[in-house]
Amino acid sequence: MYYKFSGFTQKLAGAWAADAYSPQGLRPVVSREAPPVIFATPTKFPSQLAAEDAAGRNRVPELQRFFQRADGVPVHLKRGLPDQMLYRTTLALTVGGTLYCLVALYMASQPRSK
């Protein structure tokens, strides 16, 4: 037998299976109809997809050759001016942040004068 909570008597009462699984008369909001097709494009199976369709051209081998070249330049500076600017900006922000933290600690450690 199935039971459901009766809001009127505040007790469990016997019920049919459909009523017990959707209590208090609530029904699930599920559409019985199939949704309309929005994009009617043909589906391609994975075997039909070429490697270049999804990700483009594979540049990994040429980038490996570029970064593994023995020219004495560190890896983080191999691409020239943009890498140098990023490196120097990061270095300046790190040094500036460290100095700012040290000054803030020094000021916090000093007693206030009245």
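Modeller: Rings of Phe, Tyr and Trp (its six-membered ring) are paired if their centres lie within 6.5 Å, and planes under 30 degrees apart count as stacked, over 60 as edge-to-face and the rest as tilted. By this rule the count is one aromatic pair. The pair is formed by Phe66 and Phe67. This is a predicted model, in which local features need pLDDT of at least 70 and side-chain atom pairs count only at pLDDT 80 or more, while totals for chains, interfaces and linings use all residues. Residues are numbered from 1 along each chain as its sequence is written, and side-chain values use heavy atoms, with hydrogens and water left out.

Biologist: What makes the pair of Phe66 and Phe67 edge-to-face?

Modeller: The centres are 5.1 Å apart and the planes stand at 80°, and because centres within 6.5 Å make a pair and planes over 60 degrees apart count as edge-to-face, that name applies.

Biologist: Why is Lys78 called buried?

Modeller: Its relative accessible area is 11%, and buried means under 20%, exposed over 50% and partly exposed in between (1.4 Å probe, protein chains only), so Lys78 counts as buried. Lys78 touches residues including Phe66 and Phe67, leaving aside those up to four places away in sequence, where contact means heavy atoms within 4.5 Å.
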